[in-house]
Amino acid sequence: VSGFFDPLGSGALPGTLGLELSAQRLAWALGGSGRLVRGPAEVSAAGSVAEGPRVVLDSLRVSLPDATATGSLDFDLESGQLHAPLDLEISDLSALDGLARVGLEGQGRFDVDVRLPALGGRVEIGIAGRLSGSALNLPVAGTLVGRRTMIDAKVVVDPVSGLTVEPLRISGDRADVSGRVVMPAGFDRLRVTAVAEMPDGSPLGAALGLPVSGPVMADARLDGPARDPGVTATVTFDRVNAGGIPLTGVALSGGLENLASGLNGTVRLSAEAPGGPLEASTDLRLADSRLELGALTARNAVTRVDGRLSVLLAGAPLAGNLAVRIDDAGPWLAAAGLEGSGEGTAALDFTPTGDSQFLAAKLNVANFRVVPPGGAAIFAADITADVDVADLLSAPILDARMEADDVRGPAADLRGLTLVARGPLDDVALTVETGGLLLGAPTELA
């Protein structure tokens, strides 16, 4: 530490002062901020001392490994009141992760207004600034943060009540978020309430692996140990395409525990789907880099799906099975632009083979009728199919057999039809066997 004090008269006050301080080793772990506030650190200041006594620093600079603050300070030693408007630059936002624990990356520049109402330990901080090159390394939630994001917040640290951030507003090119953060005294518990709006939900859809269009809104509450809280949330989507199924008015809600150590809980979905309102739910558990979806069920007036799935966080391959029952295929055909009817069941088994995906499917359909656009109706009394697909996601290889009885259509009345398809999709070998009336004449075809 070095510096000077130059009194203006014969007494101790007033006068001018200067200060230089450097610390090679510095530890400050309040509220998990130890990564940001650490050595080596340097402080330089210049100003004056007035009657009161009162310290006024016209020039103040604090340098840390990942942050620099410059500005001024006014401190009344008798009342304990302090005011310091500062310009804060953080070169590595990951230094805040001990406090925020959200996987922040990038840089930030902020106007910071620090106030001490007294020397009782309470600190009030106003923050307004922007993040650049920013990213949030959290699944799904990371889509809320764009490369440029604005932040406006008031932070209060109090020895009795702990840490409070209210109001908190985050706005960017992707989303607007408002909320409140509370960490009671001891900083071992976290409570967060937040509302987020995304005018365009497509970035969120990319993270979920589903085509999403239109606006998205989310309402969430985090509560629990600061390092491992739980969350209850509701997310609404305008339009979602799930596996080719168009859904509108989608609402996803649930409660999840242990976000950091072992995510688990129940998730529910409601939406408008072909065939009427759809309700779905699953028990969700995250373990060993896999997302386990147990007790998976979805149903509406004409459809029911039951099963379980195990999904790698990195994506495919899947493991698990689904059982599907459709009592009326009409609404689903209408969603594809076709007219028709029918009923049936399907059993889907997903098996990982190394990094590849294997799918085995069995289908049974009865009283199937379809009318192509501008065409005539095609009918089949019964259809059965066994379909195996190897390497489903990269270079699919097909091994499928379909049998249909009592097939009728334009100029055809067939007692049966058998179709076998084998080989890669870009070079499938087809075998067809059928017999009956074709163009009014008895026909056997192989």
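1. A residue is called partly exposed when its relative accessible area falls between buried (under 20%) and exposed (over 50%), using a 1.4 Å probe and protein chains only. D327, at 43% relative accessibility, is partly exposed by that definition.

2. A word on the basis: this is a predicted model, where local features need pLDDT of at least 70, side-chain atom pairs count only at pLDDT 80 or more, and totals for chains, interfaces and linings use all residues. Residues are numbered from 1 along each chain as its sequence is written, and side-chain values use heavy atoms, with hydrogens and water left out.

3. Now to the salt bridges (a side-chain nitrogen of Lys or Arg within 4 Å of a carboxyl oxygen of Asp or Glu). D327 pairs in this way with R325, with 3.0 Å between the closest N and O atoms. R325 is also partly exposed, at 43%.

4. Have a look at R369 and E339, whose side chains form a salt bridge at 3.9 Å, N to O. R369 sits in strand β22 (residues 356-371) and E339 in strand β21 (residues 339-353), so this pair ties together parts 30 residues apart in sequence. Strands here are DSSP runs of E, at least two residues long, numbered from the N terminus. R369 is partly exposed at 31%, and so is E339 at 48%.

5. Salt bridges with shared partners also link R189, R191, R221 and D223 into one network.

6. Across the whole structure, the search finds 21 salt bridges. Among them is R180 with E166, at 2.7 Å from N to O. Strand β11 (residues 176-183) holds R180 and strand β10 (residues 162-172) holds E166, so the bridge connects parts 14 residues apart in sequence.

Methods
Helix = DSSP H or I, 4+ residues; strand = E, 2+ residues; numbered from the N terminus.
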